[in-house]
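Visitor: Please show me the model, and then let us go through part of its fold.

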Amino acid sequence: ADIKKDFFLKLPAGEFEAKELFKSQLKVIRGKIEEKLNDLKSCQGVLDLPLEVEKLLAQFNLTKVKEEKLVVLMPKSVLLTGATGFLGIQIMHRILLDTNVGLFCLVRAADENSAYERLRESLRKYKIFNETIDALLMTRVKVVIGDVSSPQFNLSEEQYHFLGEEIDSVIHSA
């Protein structure tokens, strides 16, 4: 079936396939869409096709948008490594300004206050620090004191499993 032709939608498959994590999810979604298409083709003229497309999108937590036609919803929380470096601080800045995603930043520091100060120093260094960003930093960013080069980031079993339950996505910029 031709998703673009049949539904006037485009699945950004390249974005999914680039991420190993999404490959299996993409196969499941494609399989379900194929099943649904076969069901819809056998009922042509009987069903409200746009309504069926909306139901299918809702089933997989997908949303139509003007630019992409179809995208996966944003994760609720992200673990960002390398947050104090040039790339990481830029990513953190954009996430804070452009999304409502909760952010966990893995930072090498002695304590939480030192970790937040390291993030502020990086924001200042790259001239993207202001009161708005500072407020977002304090309300949306949770620092995780750890080391990306250590097993389990040098976190306790409890902390590591907590992150595993809380985090939807990881952005590794370390």
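Visitor: At about what angle to S5 does helix H7 run?
Guide: This is a predicted model, in which local features need pLDDT of at least 70, side-chain atom pairs count only at pLDDT 80 or more, and totals for chains, interfaces and linings use all residues. Residues are numbered from 1 along each chain as its sequence is written, and side-chain values use heavy atoms, with hydrogens and water left out. Helices (H or I, at least four residues) and strands (E, at least two) are DSSP runs numbered from the N terminus, and axes are lines fitted to C-alpha atoms, for helices over the stretch in contact, with angles from 0 to 180 degrees between N-to-C directions. Helix H7 (residues 131-140) lies across S4 and S5, and its angle to S5 is about 65 degrees.

Visitor: In what order do the four strands of the open sheet lie?
Guide: Two strands count as paired if DSSP finds at least two bridges between them. The pairing here is parallel, and the edge strands, each pairing on one side only, are S5 (141-145) and S6 (169-172). The order is S5-S4-S3-S6.

Visitor: Which residue in S6 stands opposite Val78?
Guide: Strand S3 (residues 77-81) pairs with S6 in the parallel sense, over four bridges. Opposite Val78 stands Ser169.

Visitor: Which strands does helix H6 touch?
Guide: Contact means heavy atoms within 4.5 Å. Helix H6 (residues 112-125) packs on the sheet, and its direction makes about 115 degrees with that of S5. The strands touched are S4 (102-107) and S5.

Visitor: How far apart are the end C-alpha atoms of H6?
Guide: The expected span of a helix is 1.5 Å times one less than its number of residues. For the 14 residues of H6 this should give 20 Å, which agrees with the separation of its end C-alpha atoms, 20 Å.

Visitor: Which residues on the other side of H6 are exposed?
Guide: Buried means under 20% relative accessible area, exposed over 50%, and partly exposed in between (1.4 Å probe, protein chains only). Ala115, Tyr116, Leu119, Arg120, Ser122 and Leu123 of H6 are buried. They cover an arc, taken from the directions from the helix axis to the C-beta atoms, of only 160 degrees, so they are on the same side of H6. On the other side, the exposed residues are Asn113 and Lys125.

Visitor: Is Phe104 buried or exposed?
Guide: Phe104 lies in strand S4 and touches residues including Val78, Val144 and Phe162. With a relative accessible area of 6%, Phe104 is buried.

Methods:
Lists of a residue's contacts leave out its neighbours within four places in sequence.
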